[in-house]
Structures are given as structure tokens and as C-alpha cells.
Amino acid sequence: MNTNHTILVVEDERKIAELLRDYLMKAGHDVFVQDRGDRVVPFVKSRMPDLILLDIMLPGMDGMEVCRQIRKFSSVPIIMITARVEEIDRLIGLELGADDYICKPFSPREVVARVKAVLRRIQPAQEEKTVLIFGAIVLDDEKRMVTIDGQEVKLTPIEYGLLKTLMIHPNRIFARNELIKIVSGYDFDGYDRTIDSHIKNLRKKISHCLPGQHVITTVYGFGYKLESPR
Ligand code: CA
């Protein structure tokens, strides 16, 4: 398996940055370290890393603003690092577009595992796989056919688009307006609640085949994600 990804670590605490660098290098990645927020955007534009670990409290520019600026031009996976666990809900609500959050103090091993998980998650999109599998749900994009637990399920074009988007990026949280834009190709400003009824119908069709399983999770005040039932 190819693990040779380029990771950018943005962290101003030298010891933590070095620790992360060592562990990520041992895991087979190429690692760059930046210690100032205001240097990140130019770096990302020139070097295009495969993933960014981004601390929030940084000199020059804070990690949230850095994340916002990167999202204007790149969908590179970003894992935010925060010193406070309570901060995570707020961060998700800010719609920064980060892919995951890690709370300090962390074990470097946990960080390496999260990096691996995020990189694995983006793989299907890069390879443009035509068959997506999530648990018992199989989406064959070539045939435009969805089967759940072996049964074929008829979906409307919007439901199909929603499911496909969620299956390409399982566990990623999508804002309502983001989902609308992806499935319709348009930005329906102010109509983002219309997505709720499509999600509701999609959930109904899924739970008909998988009773009691809630795979599409609502992230309160934000949007939706596809998640393995616990
Ligand atoms: Ca810091």
C-alpha cells in the first residue's frame, strides 16, 4: 500500500511539532513543519500537501482563519488540533470545512491513526471508483443502481446524488447548502432546509431495508454525515 503522502504539520510548539514529525515519518510520510499561521497558505499553494495537521493557536494567523483561507482554493484534508475538547462543537458549527478534529493532549499514535483514516477516506474519490460500498449499502455508479442488503432500492436523482456524495466521504460532515450545491449544481440560497425532506425520504428507504439502523446522522445546527451504526 502506498503510504508516501506529504503531510504539513502546522504547530508552533516545537516539541509537539517534532514529535508529530517523527511519528509521521516513521509511518512512511514526508513531513513539513510550519510554525506560523500566516505562512501556511503560500506553502499550501506551492507544495500542495496531501494532508494538513493544523493547530488553532498560532502566531501570525489563527488556525481557523488559515482553514477558511485554504478552503477557498483547495479541498486538501485538514485535521484541526485544539487544546480544549469543548471547542470542538463550536468549531464544527463554524463550518470551517475541516475533515477531523483532535484534542490536546493527544498520543502521537492516535494522530497517526487519524491521519491514516482521513487519507483512506479520500481515496475512493481520487480513484473515481464506480462501485461504492458502505456496510450493507452498495452503490454502482455505472449502472446507477443502489442495493441495500442485497435488495435493489429505487431512488430519485436527488436522493441518489445525496447518497453518492455521502458515500464518497463517509464520516465527513456536509452542510445543507453544500449538499444542495453538490446534488443540484446550484446554490439555492435560503432554501437549504429543502434538503431535509430529501434526507428524510432517503433515510426511510434505507431503514426499510436496514430496520433500526441510522446511517445518516444529523449534526445539529450544521448538516449531515454518513456514519456506521454503533
Ligand atoms: Ca499552538
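Figure 1. Met-57 is exposed, with a relative accessible area of 65%. Asp-12 is partly exposed, at 34%. Buried means under 20% relative accessible area, exposed over 50%, and partly exposed in between (1.4 Å probe, protein chains only). The model is predicted: local features need pLDDT of at least 70, side-chain atom pairs count only at pLDDT 80 or more, and totals for chains, interfaces and linings use all residues. Residues are numbered from 1 along each chain as its sequence is written, and side-chain values use heavy atoms, with hydrogens and water left out. Which residues are the protein donors of the calcium ion? They are Asp-12 (OD), Asp-55 (OD) and Met-57 (O), lying 2.1 to 2.3 Å from the ion. Their spacing in sequence is D-x42-D-x1-M. Asp-12 lies in the loop between strand E1 (6–10) and helix H1 (14–26), and Met-57 in the loop between strand E3 (51–55) and helix H3 (63–71), so the pair ties together parts that are 45 residues apart in sequence. Donors are N, O and S atoms within 2.8 Å of the metal (3.2 Å for Na, K and Ca); water is not among the atoms, so sites may look incomplete. Helices (H or I, at least four residues) and strands (E, at least two) are DSSP runs, numbered from the N terminus.

**Figure 2. The largest nonpolar core.** This core has 28 residues. Ile-52, Leu-54, Ile-70, Ile-78 and Met-80 have the most contacts inside it. Two or more residues come from each of E1, helix H2 (40–47), E3, H3, strand E4 (78–82), helix H4 (87–93) and strand E5 (100–103). Domain 1 (6–121) and domain 2 (126–226) both give residues to this core, so it lies between them. A second, separate core of 26 residues includes Leu-132, Leu-139, Leu-179 and Tyr-224. A nonpolar core is a set of buried Ala, Val, Leu, Ile, Met, Phe, Trp, Tyr and Cys residues joined through side-chain atoms within 4.5 Å.

**Figure 3. The two domains.** The C-alpha centres of domain 1 and domain 2 lie 28 Å apart. Their contact takes five residues from domain 1 and eight residues from domain 2. Contact means heavy atoms within 4.5 Å. The domain bounds come from an automatic or database domain assignment.

Figure 4. Arg-172 sits in the loop between helix H6 (157–168) and strand E10 (174–175). Is Arg-172 buried or exposed? Arg-172 is buried, with a relative accessible area of 18%. Leaving out residues up to four places away in sequence, Arg-172 touches Asp-99, Glu-178, Tyr-224 and Lys-225.

**Figure 5. Surroundings of Val-153.** Val-153 belongs to strand E9 (residues 151–153). Val-153 counts as buried, at 10% relative accessibility. Beyond residues up to four places away in sequence, Val-153 touches Val-146, Ile-148, Lys-205 and Cys-209. Ala-136 is 17 residues from Val-153 along the chain, and their C-alpha atoms are separated by 12 Å.

**Figure 6. Lysines over aromatic rings.** Lys-26 lies over the face of Tyr-23, at 4.9 Å from the ring centre. The charged end of Lys-45 sits over the ring of Phe-73, 4.9 Å from its centre. A charge sits over a ring if NZ of Lys or CZ of Arg is within 6 Å of the ring centre and within 35 degrees of the ring normal.
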